[in-house]
Amino acid sequence: MLRVPGLARIMLAQLIARFPAGMYSLGILMHMEQQHGSYTAAGLVLAAFSVGMAAAGPFVSRLMSRFGTVGVLLTTTVVSIAALTSIAIFDLPLWADVLAGIVAGAAMPPVVPTVRTLYPRMVQQRLLAPLFSFDAALQEIIWVFGPVLLTMLVSFLGTGTAMLVTIAIQLVGGLFFLLSPEVRRLRIPPTTRKLGRVLRKPPVLLSVIVSSMFIGGFAAVEAGVVATFDHGSLEAGIVLGVSALGSLVGGFALGTRAITPWSVAIRLGIVLLGMAIALPMTDVVGLSIALFIAGIGTAPALAAFSAIVAGTVKFADTPEAYAWIGTGQLLGAALGSAIAGVAIDANGGVGGVCVAVVMVAIAAAIAAIFRRHQPDLRQGIGEPPDTAPVELPR
C-alpha cells in the first residue's frame, strides 16, 4: 500500500492532524479543573466540547461538497484553534469556557471523513479494505501515546502550556494535511439529499448503531480497568496499552480479509470473547491477555464500518456518512462511560467490564441479526461513483 504515490504522506499528515484528539479530552479536563477548582466545572466544559463535535460533525462534513474540501478544513481549523486558545490562555468565567468548548468541538476539522473519502481515489479496490484496516490500526497510536504525551507536558510545563502545545500540533498537522496535493485535488460533488437522509440506507444506519454500542463498550471497559487499579496507576496504562497493541496486531493480521455480511459480527465476536475472559480478572497479566484478545477484533471491526460506507454510499454522501458514524461513536462512548460509572460505584471495576460485555454483545447480536442489510464485498469495494479529481492550477 505504501508504494502508492502520495499515500504514505497522506497517512502521516492525517495521523498528525488527528493526534490531538488523544490529548484534548484529558488536557481540557486538567486545565479547567485548575482554572475553576472543580471537576464538575471541568466536566461541563469537556461535555460541551464533546457535544459540539457530535452535533456538528455531519453538518460540517456536508459543507465540503458545497464550499470545497480545503476551504472547510482551513476554516474549521482556524475557528477551533481560536476557541481552544481562548480556553488555554484566558481566565474566563465558566459560562464562557463552556461556550468556547462548544465552538471548539463543533469546528473540529473533518479530517477523518475527508481521508476516508479520499482513500478510494488513491488505491485500487483490492487494496481498499486492507487500507481501511491499516488506518484503523494506526489510530491506536493516537489513543496510546496522546494521553501519555499530554501528561508529560503537564508535568513539565503546566496545563495551559500543554494545551498550547497540543493546539500547535493540530495547526501543523492540519496545514500539512490540507496542503497535500491529493487533498487539494479532491472534489466532492454536491449532494442532492437532505441532511440525515443517508441514514435511511440500512448499511449506514446499522454501522452507526453497531459502532456506537461497540465504542461504548470499550469506554466502559477502560473505566473498569482504571477503577480496578489505583487512580493514575501504571498498571491501568499497561493493560490499556496492551489492548491497543492487540488492535494493531489485529489490523495487520485481518486487514486483507474480504468484507462479507458476517464480517462485523465475527470481528465483534472476537472483542466479546476477550471482554468475557476479562470479567473475573483483577490482575495485570490476566486483564492484559484478555484485552489483547479483545483488541485483535477492534481495528478490523472499525475497518469494516469504513468499507461498508465506501461500498454502499454514493461518493457525494460519504463524508456525511462517516461523520454520522463518528457522532454515533462519541455518543456511545458517553453512554458507556456514564453507565459504567454507576456500575463501578456499585460493584467496583468488574462492574465496568460487565457493562462492556453487555454493550459489545448487543452490538454483535445486531450485526448478526441484520447481516442481510450489510454488503458482500468479496469481489471488492468498487470504484466510488460521481467523482473526479480536480487538477491543480498551473
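User: What makes Arg9 count as buried, partly exposed or exposed?

Analyst: Arg9 has 32% relative accessibility. Buried means under 20% relative accessible area, exposed over 50%, partly exposed in between (1.4 Å probe, protein chains only). So Arg9 counts as partly exposed. This is a predicted model: local features need pLDDT of at least 70, side-chain atom pairs count only at pLDDT 80 or more, and totals for chains, interfaces and linings use all residues. Residues are numbered from 1 along each chain as its sequence is written, and side-chain values use heavy atoms, with hydrogens and water left out.

User: Why is Glu182 with Arg9 called a salt bridge?

Analyst: The closest N and O atoms are 2.5 Å apart. The rule asks for a side-chain nitrogen of Lys or Arg within 4 Å of a carboxyl oxygen of Asp or Glu. So the pair of Glu182 and Arg9 is a salt bridge. Glu182, at 10% relative accessibility, counts as buried.

User: How do you know that Asp135 and Arg18 form one?

Analyst: Their N to O distance is 3.5 Å, and the limit is 4 Å. Asp135 is buried at 1% relative accessibility. Arg18 is buried too, at 8%.

User: Which residues are joined into one network?

Analyst: Arg18, Arg116 and Asp135, through salt bridges that share partners.

User: What about Arg62 and Glu320?

Analyst: Their side chains meet at 2.9 Å, N to O, in a salt bridge. Glu320 is buried, with a relative accessible area of 3%.

User: How many salt bridges does the rule give?

Analyst: The count comes to four.
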